[in-house]
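Subject: Structure handover

Hi there,

Here is the structure I promised to pass on. Please open it alongside this email, and my notes follow below.

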Amino acid sequence: MSESSESEGLSLHHWLLIVLLAAIQFTHIVDFMIMMPLGPKLLRDLAIGKDAFSWILSSYGLAAVVAGLALAPLLNGMDRKRALLFLFAGFTLGTAVCAFAPTFTWLLVGRIVAGGFGGVVGATVLAIIGDAFPLARRGTATGAVMSAFSLATIAGVPLGLLLSGETAAGWRTPFWVLAALSVLIFGIAWLAMKPIRGHLAEVRLTR
């Protein structure tokens, strides 16, 4: 990469990519963080104990670890856009299962699916930043995308708790909203993102 290209500003497509990646980060971070404060409502509505609830909490992280180890070799050989959409689709499905879940078992399945796919989304987002942005602009891109964590904490979780208390669906409402938002983001990313394949040549050279 030439010195002039390193010093270039970010293009409109770069900023659109930043917004999309930040939106994806926002959804899966809220999905992960919202479960703990929803605990009392879940315990009451599903008639489960604290031990069962601890499985619901830990299943997300455990699934993310297992999926990360299992999927890393496969995803590294794919177009980054295709990998991101594949993972985000799985996360959206898992979140929808959580919204639908009539029992503890269904909710546990939803958390495992959401964690297995959503937990790897964050790593894929960072990989895309490394591949799609000039070296001199990666700090800007990373900072902007990672601001989704603060936004999820400041606005996402409180709004989710508010929705859970103001709607008939109760604790399921935040998951329905996240699933619907994820479908919208998925559609925009499908249409607006360009393929990201630069790393594939490097993968082939190292084999």
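What follows is a short tour of the salt bridges.

A word on the source: this is a predicted model, in which local features need pLDDT of at least 70, side-chain atom pairs count only at pLDDT 80 or more, and totals for chains, interfaces and linings use all residues. Residues are numbered from 1 along each chain as its sequence is written, and side-chain values use heavy atoms, with hydrogens and water left out.

The structure contains three salt bridges (a side-chain nitrogen of Lys or Arg within 4 Å of a carboxyl oxygen of Asp or Glu).

Asp 31 pairs with Arg 111, with 2.9 Å between the closest N and O atoms. This pair connects distant parts of the chain, 80 residues apart: Asp 31 sits in helix H2 (residues 12-33) and Arg 111 in helix H6 (residues 104-132). Helices here are DSSP runs (H or I, at least four residues), numbered from the N terminus. Asp 31 and Arg 111 are both buried (under 20% relative accessible area, with exposed over 50% and partly exposed in between, using a 1.4 Å probe and protein chains only).

Arg 80 and Asp 131 form a salt bridge too, at 2.6 Å between the closest N and O atoms. Here helix H5 (residues 80-100), which holds Arg 80, is linked to Asp 131 in helix H6, 51 residues apart. Arg 80 is buried because its relative accessibility is 11%, whereas Asp 131, at 35%, counts as partly exposed.

Asp 45 and Arg 172 also meet in a salt bridge (3.2 Å, N to O).

Best wishes

Note on methods
Helices (H or I, at least four residues) and strands (E, at least two) are DSSP runs, numbered from the N terminus.
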